[in-house]
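Please read the notes below alongside the model. They are arranged by topic.

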Amino acid sequence: MLPAAKMEETSMLLSLALVFLCGGMLGKMFEALKLPRLLGMLATGVILGPQLLDLLDPKILDISTDLRQLALIIILARAGLSLNLDDLRKVGRPAILMCFVPAVLEILAMLAFAPMLLGVSLLDAAVMGTVVAAVSPAVIVPRMLRLMEKGYGVKKRIPQMILAGASVDDVFVIVLFTAFAGLAQGGDLSPVQFLSVPSSIALGLAGGAAAGLVLARFFKAVHIRDSAKVIIILSVAFLFVSLEHAVSGPIGFSGLLAVMAAGGALRHRLHIVATRLSAKLSKLWVAAELILFVLVGAAVDVGYAARAGLAAVLLILIVLAFRLAGVFLSLLGTDLDRGERVFTGLAYLPKATVQAAIGGLPLAMGLASGNVILTVAVLSIIITAPLGASLIDTFYRKLLTKEALPPAEPAGQG
């Protein structure tokens with residue numbers, strides 16, 4: 001017989017093999033059926049996870065949050081390296097409004113309708129609203145990058161605006177979740193807590209931009225392979241996220257926002273190098289995407305969703321309508337036509353990673369409505385992730401204008 005340690009190692013490797021092979025095959029099958037590939041990956045996680053076959057090593061599930069965060073770092077680093085800061089600056093007011101207006105309206109809708117439909121208290125409805133309100137960068141970012149590569153909507157900078165808004169939206173909502181969850185546990189809600197919203201955004205952007213400029217100077221002065229540059233960028237990104245976890249109190253720091261800002265600053269100084277590094281990261285994303293969505297699927301409790309009933313589904317659809325209204329409100333006064341505004345609203349629907357990460361926290365905190373909040377979080381993933389991804393993939397050609405792309409950048413080092 002194999003030693004216990006050897007068996008555990010084999011089990012971990014077997015779990016990873018199942019994640020990659022089954023996730024890849026089901027993703028391809030769903031794609032062949034004209035459905036979002038991520039839906040196949042989510043289904044793989046549900047099938048392999050503790051809800052059904054229970055084939056994933058518990059150690060994999062124990063570090064699931066860290067693995068999902070690693071995947072998010074990869075895609076956000078790639079987004080930063082593809083983001084033109086001049087384009088973003090020209091978008092201006094709508095990009096800023098998209099960071100918080102849709103989320104605020106969605107949370108207000110939850111406050112208005114959750115007590116009526118689910119019988120929860122107003123405070124628990126506020127916690128539920130902050131759990132559900134965050135959009136999913138993991139669904140949105142790769143799709144916006146693909147549109148930028150294909151030239152759809154780039155003249156009016158629509159993908160860039162959605163990229164930036166979705167990233168800051170998450171920071172804003174998670175800070176609100178921390179404040180309301182603390183209050184629900186019997187704490188006091190102090191205005192000082194909300195200072196972490198602007199400080200998280202400002203310090204994340206400033207720290208990331210400074211790091212990106214330093215990296216640009218270093219890469220220009222020191223000749224190293226692109227593969228080594230990618231390792232350095234990811235290492236800096238890991239430091240940013242670690243710093244975010246270490247910072248507490250009224251002064252916050254958004255590590256994921258810093259990752260995007262670093263990539264954007266690097267691209268601003270070394271455009272050709274950034275293009276090559278983005279291509280490198282896109283290859284890493286092939287594996288990271290499988291890990292992310294399969295493990296999100298494994299975290300979904302289908303039993304809770306099945307018992308939720310029509311009231312929870314109706315609630316999610318109502319708050320999504322308010323989110324769409326928030327998007328249209330943010331776009332007032334812009335030169336976007338009706339189709340482009342509709343597309344922007346559709347792109348702001350998907351939810352997955354944040355809900356999987358924090359949906360179970362109210363239950364773990366012992367909140368009276370923790371089970372209900374988890375159920376609504378699970379349903380929001382099941383409904384919006386495939387729906388939003390499918391709508392983006394189906395309608396971008398019809399709703400956005402394709403622009404001519406610049407000549408391809410020369411190939412670089414390996």
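1. Basis. This is a predicted model, in which local features need pLDDT of at least 70 and side-chain atom pairs count only at pLDDT 80 or more, while totals for chains, interfaces and linings use all residues. Residues are numbered from 1 along each chain as its sequence is written, and side-chain values use heavy atoms, with hydrogens and water left out.

2. Confidence. The average pLDDT (the predictor's confidence in each residue, from 0 to 100) of the protein chain is 86, and 91% of the residues score at least 70. Over residues 408–412 the value stays under 50. For that stretch the model has eight contacts (heavy atoms within 4.5 Å) beyond four places in sequence. Where pLDDT is low, the predicted coordinates should not be read in detail.

3. Helix α13. Helices here are DSSP runs of H or I with at least four residues, numbered from the N terminus. α13 takes in residues 255–269, 15 residues in all. From first C-alpha to last, α13 reaches 21 Å, close to the expected 21 Å; the expected span is 1.5 Å times one less than the number of residues. Twelve of the 15 residues of α13 are buried (under 20% relative accessible area; exposed is over 50% and partly exposed in between, with a 1.4 Å probe and protein chains only). Among them are G255, L257, M260 and R267. At the start of α13, a side-chain oxygen of S254 comes to within 3.2 Å of the backbone nitrogen of L257.

4. Cavities. On a 1 Å grid over the protein atoms alone, a cavity is a set of points where a 1.4 Å probe fits but cannot get out; a pocket is an open set with protein on both sides within 12 Å along at least five of seven lines, and lining residues have an atom within 4 Å of a point. There are two cavities of 30 Å³ or more. The largest cavity holds about 80 Å³ of space, and its lining includes A77, L215, F240 and V259. The elements that give two or more residues to this lining are α4, α12 and α13.

5. Largest pocket. This pocket has about 1,100 Å³ of space and a lining of 39 residues. I174, T178, E244, H245 and I358 lie nearest its centre. α10 gives the largest share of the lining, ten residues. Elements supplying at least two lining residues are α4, α10, α11, α12, α13 and α17.

6. T344. This residue sits in helix α16 (338–347). T344 is buried, at a relative accessible area of 0%. Its side chain reaches the backbone oxygen of E340 at 2.8 Å. Beyond four places in sequence, the contacts of T344 include M98, I158, V327 and L336.

7. S330. Helix α15 (302–330) contains S330, which counts as buried at 1% relative accessibility. The S330 side chain reaches the backbone oxygen of G326 at 2.8 Å. Beyond its neighbours within four places in sequence, S330 is in contact with R93, P94, L97, M98, V101 and P102.

8. R37. Which side chain does that of R37 meet in a polar contact of 3.1 Å? The partner is E289; a polar contact is a pair of N or O atoms within 3.5 Å, where, within protein, one must be able to donate a hydrogen and the other to accept it, and residues adjacent in sequence count only if both atoms are side-chain atoms. R37 is found in helix α2 (37–48) and is partly exposed, with a relative accessible area of 29%.

Definitions and conventions:
Grid points are joined across faces, edges and corners, and a volume is the space filled by probe spheres set on the points.
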